[in-house]
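Trainee: I would like to learn how to read the surroundings of a ligand and the layout of a sheet. Could we take one model and go through both?

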Amino acid sequence: MEELNKRGRVFNESDIPAMTKRVYARLQHALDVKELRSLFLPMLNELQSVEEHDPAKNEMRQQYCSNIVKPILCRAAVAWEVDKPFVIETIEVAPPKANEVRIKITHSSICRTDLGALTKPSIWTKFPIVLGHEAAGVVESIGEGVTTVKPGDHVIPVFLPQCKECYACKKNKTNLCDAYTKPEAKAAQNIPYTMRDGTTRFTCKGQPVYQFFATSTFSEYSVVPEIQVAKINPEAPLDKVCLIGCGIGTGYGSAVNTARVEKGSTCAVWGLGAVGLAAVMGCRNAGASRIIGIDTNPDKFPLAKKFGMTEGMNPNDYDKPIQEVLIDLTDGGLDHTLECIGNNNTMRAALESTRKGWGISVAVGVYWHDISTHAFQLLSGRTWTGALYGDWKSRDDVPKLVESYMKKEILVDEFITHRMTLDKINEAFDLLKAGEW
Ligand SMILES: NC(=O)c1ccc[n+]([C@@H]2O[C@H](COP(=O)([O-])OP(=O)(O)OC[C@H]3O[C@@H](n4cnc5c(N)ncnc54)[C@H](O)[C@@H]3O)[C@@H](O)[C@H]2O)c1
Ligand SMILES: [Zn+2]
Ligand SMILES: [Zn+2]
């Protein structure tokens with residue numbers, strides 16, 4: 001049987017073992033990871049082309065993948081202990097196991113959730129760990145059974161899985177796939193710091209290094225479950241769309257999906273970091289007529305105006321609670337509010353600033369304690385809700401958000417404040433702590 005592959009080269013079935021043997025022989029002489037990659041990728045792509053013409057070759061390709069993919073040595077920012085600076089280490093990244101994808105992380109950005117995970121002990125982390133969950137990259141290799149991406153694909157790893165098979169995915173009422181929690185966990189917030197089999201693909205100085213959200217993007221290579229990998233338009237600039245993987249997607253979706261902001265409505269957003277700015281953009285794109293940004297740092301206001309904020313308020317400028325100020329200012333309260341900070345006072349203020357009868361307030365900021373309000377706030381018809389990743393389904397919706405950026409429907413470039421290399425990660429976190437990020 002003779003087939004024509006994508007590049008127009010003619011080859012037949014008997015070529016494949018010969019081709020494989022040739023690559024094996026060359027691999028034995030390959031001295032470094034770079035050479036391994038440059039040998040491996042074209043070969044895998046060739047086999048992929050064969051498979052597209054003849055699915056029976058799939059088995060051969062899987063065997064090829066598992067035989068040939070080797071551990072990679074690369075640099076990563078390892079957090080050895082809680083609240084201590086990262087150390088740039090050479091780590092070993094194991095080959096992807098079944099249903100896993102190894103990704104060359106080309107760009108990663110920082111979310112405040114990474115800072116929280118670094119500075120406070122939590123059920124999210126076990127040290128040493130590689131943090132990072134907002135990134136973009138290129139698939140380097142795939143484990144057995146992976147069908148939705150192949151080496152060379154451009155992808156965004158996402159902290160929320162979308163397996164498309166569990167009860168929650170099939171029910172189609174939420175983006176919270178049941179695979180999000182540890183298999184044994186009952187609590188919805190019990191997020192894994194390992195791969196799904198309870199082991200980790202990272203080793204450093206002879207000991208396992210844990211994988212935050214199973215994404216761990218502060219590393220040159222990472223292994224991520226296939227159900228957390230969104231394949232995106234290869235034309236999209238990876239240095240920019242990496243931001244869609246958490247902050248932008250979260251804030252934007254919290255406005256358009258969770259708060260269901262309506263045309264002509266009044267909105268307020270607490271916290272004008274990346275998440276809050278994206279929420280402001282969501283309110284604007286949904287057609288809100290008034291968008292109030294609330295931040296204790298008024299330096300955030302000029303940028304927020306570019307995203308659609310109509311007025312900025314600093315709660316410290318008033319001698320009464322901000323919710324009372326806002327109720328007066330808006331003749332009874334706002335239609336939609338979004339809290340993008342993560343504390344009891346601001347979550348409560350956001351709820352209590354909405355209008356009785358129909359106001360809806362979305363808690364977006366991460367907070368690990370009880371929150372409270374007077375029961376009558378809810379009895380009088382307000383809705384208090386929240387969401388992870390803006391209610392977007394990770395694998396289905398991330399590629400669509402990337403397309404929205406390509407069509408200039410959402411801003412992304414404007415979120416970038418600094419560009420730094422991996423070895424400057426501690427300085428980057430200092431900027432975030434100082435509110436300059
Ligand atoms: N729900 C999710 O899926 C999800 C995803 C990503 C991030 N988060 C959370 O969203 C929150 C925001 O993340 P970010 O990266 O935009 O953070 P950020 O630090 O960049 O921004 C926070 C902003 O809030 C302001 N602020 C702080 N305290 C304030 C107060 N008391 N009153 C008014 N303004 C105040 C700061 O000046 C800053 O501008 C964090 O809690 C993060 O963990 C949630
Ligand atoms: Zn995040
Ligand atoms: Zn699922």
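**The ligand shell and the open sheet**

Mentor: By class, the shell around ligand 1 is made up of 14 nonpolar, 13 polar and three charged residues; please keep in mind throughout that this is a predicted model.

Trainee: Which residues come nearest to ligand 1?

Mentor: A residue counts as near if its C-beta atom, placed from the backbone, lies within 6 Å. Of the 30 residues around ligand 1, those that come nearest are Arg112, Gly271, Gly273, Val275 and Gly342.

Trainee: From which domains and helices does the shell around ligand 1 draw its residues?

Mentor: Domain 2 (69-245 + 407-433) and domain 3 (248-389) each give at least three residues to the shell, and, among helices, α4 (112-119), α7 (247-258) and α8 (274-285) each supply at least two.

Trainee: Turning to the open sheet of six strands, what is its order?

Mentor: The strands follow one another as β15-β14-β13-β16-β17-β18, with parallel pairing. Because β15 (311-313) and β18 (383-386) stand at the edges with a single partner strand each, one side of each is left without a neighbour in the sheet. From one strand to the next, the twist averages 20 degrees.

Trainee: How many bridges join β14 to β15, and which residue of β15 is the bridge partner of Ile292?

Mentor: Strand β14 (residues 290-294) runs parallel to β15 and is joined to it by three bridges; the partner of Ile292 in β15 is Glu311.

Trainee: Which strands does helix α11 touch where it packs on the sheet?

Mentor: Helix α11 (residues 344-352) touches β13 (266-270), β16 (336-339), β17 (360-363) and β18, and its direction makes about 175 degrees with that of β16.

Terms used
Residues numbered from 1 in each chain as written. Chains lettered and ligands numbered in written order. Predicted model: local features only at pLDDT ≥ 70, side-chain atom pairs only at ≥ 80, totals over all residues. Helix = DSSP H or I, 4+ residues; strand = E, 2+ residues; numbered from the N terminus. Nonpolar A, V, L, I, M, F, W, Y, C, P; charged D, E, K, R; others polar. Domains from an automatic or database assignment. Pairing = 2+ DSSP bridges. Axes fitted to C-alpha atoms, helices over the stretch in contact; angles between N-to-C directions. Contact = placed C-beta atoms within 7 Å.
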